[in-house]
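Let's take a walk through a protein model together. Have a look at the sequence and the fold first, and then we can go through the parts one at a time.

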Amino acid sequence: MTPKAELVFIPGPGAGHLISAIEIAKLILDRDERLCISVLIMKLPMDFGVQSYIESLSSTTRLQFVDITVDDKTAAGFLSNKETFFMNFIQCHKPKVKDFVHNTSFSRSGSRFNSQLAGFVLDMFCTSMIDVANEFSVPSYIFFTSSASFLALCFHFESLKKEHHIDTSKYKDSDEDLTILGFKNPYPAKFLPRLTTDQTAVVTRFFDLVTHFKEMKGIIVNTFTELEPFALQSLSVPQIYPFGPVVNFNEGGHGRNSQSETESIIKWLDDQPESSVVFLCFGSMGSFDTEQVKEIAIALERSDHRFLWSLRRPPPKGKMESPSNYENFQQVLPEGFIERTNGVGKVIGWAPQVTILSHPAVGGFVSHCGWNSILESLCFGIPIAAWPQYAEQQMNAFLLVKELGLGVEIRMDYFNDFEGKYGPPDIVGAKEIESGIRQLMANGDKNEIKKKAKEMKEKSSAAMKEGGSSYASLGLLIEDVINNVS
């Protein structure tokens, strides 16, 4: 069948945004041959592990990848202001997007395959690109890479700031409980993401983007009805399309391990009993200073549980870099730790997370609560011990533990400030970490979160199959896109 309608995807440049956007694009194309997609790729000056993934991509007849990255000199000009760098970086790509559409002869009269441009799918941080879509008289959709609950939180605080002119900085470090649309339980202000309480230029710019959300024809959310029914029911305008969990199960394109390193991890897991291992991993940006590392080590040793720990070196203070692997773990771990835990624990650098979570030996996940990590964990029925680090992760932790009962708390109001603006983070003590691990890994009928996680695994799988909620939602989006060119 000759494609009839074309979508232009503009994902954010970060790995978590880019990879999940491309998985969404593949899902759409697999479902309907009437569509083709062009993914426009922006690369940041610093590589956060995205480059190897981009190099692994190959265009097909109906899916093409187009590098629209601005030159290094232009990008470097935005680095002088770290606070607004990311927003400015997106903005400076607008001419490149316009050029692409013009040069590809997109128009209502036709384009490649004689298909018509049906719309833009914009990352949640790229909504300023709606101006370009409007210029070409096509609708825009958002791909919202976080949860429906965070979307509800964004709309709530956008209303407080812009309609009610409330200074939300009063909620910072407050003991107040808030009533927020989309949440069943009172929401403790101390668990709010810094994004909602800071009064900085970048926060102002972010909520300008949220205002743009209301101008979109629809919002695609990587979630599913059975996971977040309450939050999804609270969202009505614009049209919401939940068709997750969309997870990249093939890590070969963006992993940072050699094949032998990954094989070593799998071999170790193969030797462990089923559901016996607690996996600790804090995302592509997750790292801790030496003092905190030692508290984690003490907690693991005392917990008497088998563990697999992704331990990485923090970047230099103030540097916009991702953590790196240690050459020798002995330099940061307590003396004798490796020897004492030999056979029951394994310390690694970069972790092939999906590969690990899918292994039957893994029974629990100590996580930073990034949304992609949460979805990956739930797809395999693995409960989570929540230790959020930055961005919206504190809210994700609250959602998991208090709203959904799919996790336990290590510390939900923890905040890791990479830039040092708020001083060093609190040290979470070994006793607190050990308690969270013991709750997470407890056996027997009392462990309700394990039971709920297994149930959510089945629901997540059913949602994506024909007849499921996400399958139906994807169908509605595709029909809307096709109608744009009818």
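How many nonpolar, polar and charged residues are there in the lining of the second largest pocket? Before answering, please keep in mind that this is a predicted model. The lining of this pocket has 8 nonpolar, 3 polar and 8 charged residues. In total, 19 residues line the second largest pocket, and its volume is about 390 Å³. If you want to find the pocket on your screen, look for Asp173, Arg194, Asp413, Tyr414 and Phe415, which are the lining residues nearest its centre.

Now let's turn to the sheets. Strands of a sheet pair through backbone hydrogen bonds, and the pairing can be parallel or antiparallel.

The model has another open sheet to explore. This one is made of 6 strands in the order β14-β11-β10-β15-β16-β17, again with parallel pairing. Why is one side of β14 and of β17 left without a neighbour in the sheet? Both β14 (345-348) and β17 (407-409) stand at the edges and have a single partner strand each, so one side of each has no neighbour in the sheet. Here neighbouring strands are turned by 20° against each other on average, direction ignored.

Inside this sheet, β10 (residues 277-281) and β11 (residues 306-310) run parallel and are joined by 4 bridges. Val277 stands opposite Arg306 in β11. Lying across β10, β15 (362-367), β16 (384-386) and β17 is helix α17, residues 430-441, which runs at about 145° to β15.

Next, let's look at the aromatic rings. A pair of aromatic rings is described by the distance of the centres and the angle of the planes. The structure holds 22 aromatic pairs. One of them is formed by Phe279 and Phe365: the ring centres are 5.2 Å apart and the planes are at 10°, so this pair counts as stacked. Phe279 belongs to strand β10 and Phe365 to strand β15, and the pair links distant parts of the chain, 86 residues apart.

What about empty space inside the model? Rolling a probe the size of a water molecule over the atoms shows where such space is left. The count comes to 1 cavity of 30 Å³ or more. The largest cavity holds about 50 Å³ of space, and its lining includes Phe282, Phe288, Trp309 and Arg312. By class, that lining divides into 5 nonpolar, 3 polar and 1 charged residues.

Finally, follow the backbone through a few loops. The peptide bond from Val237 to Pro238 is cis, with omega near -10°. Pro238 sits in the loop between α10 (229-234) and β9. Another cis peptide bond joins Gly244 and Pro245, where omega is about 5°. You will find Pro245 in the loop between β9 and α11 (259-270). One more stop is Ser137, which has a positive phi of about 60° although it is not a glycine. Ser137 lies in the loop between α6 (130-135) and β5.

Notes:
Residues numbered from 1 in each chain as written. Predicted model: local features only at pLDDT ≥ 70, side-chain atom pairs only at ≥ 80, totals over all residues. Heavy atoms only, no water. Pairing = 2+ DSSP bridges. Helix = DSSP H or I, 4+ residues; strand = E, 2+ residues; numbered from the N terminus. Axes fitted to C-alpha atoms, helices over the stretch in contact; angles between N-to-C directions. Contact = heavy atoms within 4.5 Å. 1 Å grid on protein atoms, 1.4 Å probe; cavity = no way out; pocket = protein on both sides within 12 Å on 5 of 7 lines; lining within 4 Å. Points joined across faces, edges and corners; volume = space filled by probe spheres on them. Nonpolar A, V, L, I, M, F, W, Y, C, P; charged D, E, K, R; others polar. Phe/Tyr/Trp six-rings, centres within 6.5 Å; stacked < 30°, edge-to-face > 60°.
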